[in-house]
Amino acid sequence: MSAAEKAAEADTARKGWLLSTPALILLLVGASGPLMIVVVYSFLTPGQYGNVVWKFSSDAWTGIFLTQDIFDGTWHLADAHLSIFWRSVKLALMTTLFTFLVGFPTAWFIATRPPRMRAFYLFLITIPFWTNLLIRTFAINQIIRNEGLLNTALMGIGLIDQPIVIIYTDFAVFLGMTYVYLPLMVLPLFAAIDRFDMRLLEAGYDLYATRFQVLRQVILPIVKPGIIAGSILVFIPALGAYVTPRILGGGRNMMIGNFIELQFGQGRNWPLGASLSVVLLLIVMVALVFYVRVSTREGRSG
Amino acid sequence: MGHSVARTAAIEARRAVKTFGQGASAVHALDDVSLTIENGEFFTLLGPSGCGKTTLLRLIAGFETPTSGHILLDGQEITHLPPNRRPVNTVFQSYALFPHLTVAENIGFGLKMLGRPRGDVAARTAAMLALVKLEAMADRKTSQLSGGQQQRVALARALAPEPKVLLLDEPLSALDLKLRKEMQTELKRLQTETGITFVFVTHDQEEALTMSDRIGVMSGGKLLQVGNPRDIYTRPANRFVASFIGETNFLPATVERGGARLGCGALVEIDPGSASGAITLAIRPEQIRLVEAGEDGAIPARLTDLVYFGTDTHCHLALSDGEEVVARVQSPANGEAGLARGAEVGLRLSPGAAQVLGE
């Protein structure tokens, strides 16, 4: 490469940086700024009526995992907090898994239709986004509550005498989240399956693979990037879900999101809310790192 | 089937019909095809695109089931057996190599699916890599290979499970001319070495002639003629076969005592008793010799054009009744040997050159 070309390339790179400055500033101020405030708040003392007092304290961090007995001052594991974390992770994982189980056949079906029908089905998938999440969640509430559509119908045809209690259980939250996040799984899966060379199916069958083996050995490894993308898109918002557990889980079946909200509201413990937020962020980051490592290990093996 | 030969049929198609769609828009991809492919044979299905050759191959592979009729393998009915339960493997036109697997994993895939022990799979994979001379590429991803190398992997992958029959669906069409010639030789070598029955689909008549033990020529979903390359070339059954394979002159003639009378009045020798009335004769250009005008028994003609092809020169000739004929003569070593446009010449046919065609 000649010196002139090098200079030109360096110039292009410089201009590139210059052009991306607005985005960088926005990221710095809009994303990192609030995050830093949250981290700082988690090391302060809660004020009496909410807000914070500018005095260093690590109580918010120990408070996540430990509680001090009011009477004898001994420390115990904060069971309530841990069970909320565990429920959040469990429900998010279950939602991810179930949206995959339902979303994969759906995406496969759409990707194997003729092009015009494909556009139509994709359009159907996006219809739920037209309505507010809150309204959709209330709609589910109407269906599954004790006097709701489902129970009334089942009792009407005499299948059950007592309403099946779904509302305000973990299952209701799981159901609601699966419904809400399903499109986020279907769309990346569709993109991956759409790129999949269907002729490989015949190659697989021809080489003595059963239908299940073709799925396991040929299809899934090749559409894996889509599975990973869909799982990330579902797992992360599901973990921090707020509206769905609030409306379908009632007060008892809280998830991290609701618990954090509680600290900033009735709990009047902003530092604890802040530290919980950071923990949520860390869980998400651990999950992301895990996904990235899994996907790059696959990529490197060849 | 009256003939009892030592060779047994590897593949048999009995009155196979395949129709796609229904009603008025139905496409008859295969129209009542019966065919026997013998064990250890290099059999080629030859025809233009859309002639049904690939459909027939897919029926044998099991990717399609016939609308009616039967497919037999080694005398066993396999018409409705799924592809993974047929000891038949395919080399796909697009190769269809697994992009997420290495070359070695691709080759071992079939054996792995058959549940062979790991050691056997590894040994067989190594042997196949050696057979197609790709030992150095074992751990590469298939996307890192050239077209010719991918072709070899596809071959090795299909041969690794030692199928009874190997199906090849236009496997050389994506390669450039030089590579294609190499792979033709390579394929022939592999077939001889392994002794596996090859069913090869192509639209390239030269490929078919040079590689095959026998050729089946197809058109419009029908099997028009089956025979060894020499038969197909020298005794085409009809006009389609004659024109699809090599170049041919077609001349209308009338059968008379002692031969066929051309429009220009010349009498041409044909197989006695093979036809009567108005017929069409097929004469290969290389079976026509140019002689001095007025020579005894020669058909008079006028040279209208000369096209130089290197080793050959194509002489375009007009007979006295205006019929056009092309003769292929060896190009003289020096100069044009007195041939010039407009020259009056005589034509002589090699014995047996004129073939009577059925329509």
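Welcome to a predicted model, in which local features need pLDDT of at least 70, side-chain atom pairs count only at pLDDT 80 or more, and totals for chains, interfaces and linings use all residues. Residues are numbered from 1 along each chain as its sequence is written, while chains are lettered from A and ligands numbered from 1 in the order in which they are written. Helices (H or I, at least four residues) and strands (E, at least two) are DSSP runs, numbered from the N terminus.

**The sheet in chain B**

- Strand 16 (residues 299–308) of chain B runs antiparallel to strand 17 (residues 312–319) of chain B, with 7 bridges in the pairing, and Ala301(B) stands opposite Leu319(B) of strand 17.
- Strand 17 of chain B also pairs with strand 18 of chain B in the antiparallel sense, over 7 bridges; here His314(B) faces Arg328(B) of strand 18 as its opposite residue.
- A hairpin is formed by strands 17 and 18 of chain B, with 4 residues between them, and Gly322(B) in the turn has a positive phi of about 95 degrees.

**Two helices crossing in chain A**

- The axes of helix 5 (residues 133–144) and helix 7 (residues 170–195) of chain A come within 11 Å and cross at roughly 135 degrees; axes are lines fitted to C-alpha atoms, for helices over the stretch in contact, and angles run from 0 to 180 degrees between N-to-C directions.
- That angle makes helix 5 of chain A oblique to helix 7 of chain A (under 35 degrees counts as roughly parallel, over 145 as roughly antiparallel, 65 to 115 as roughly perpendicular and the rest as oblique).
- Among the residues that meet are Leu133(A) and Ile140(A) from helix 5, and Leu175(A) and Tyr179(A) from helix 7.

**Where the chains touch**

- In all, 15 residues of chain A are in contact with 20 residues of chain B (C-beta atoms, placed from the backbone, lie within 7 Å).
- Helix 8 (199–206) and helix 9 (211–239) of chain A each supply at least two residues of the side of chain A that touches chain B.
- Helix 8 of chain A gives the largest share of that side, 6 residues.

Terms used: Two residues are in contact if their C-beta atoms, placed from the backbone, lie within 7 Å. Two strands pair if DSSP finds at least two bridges between them.
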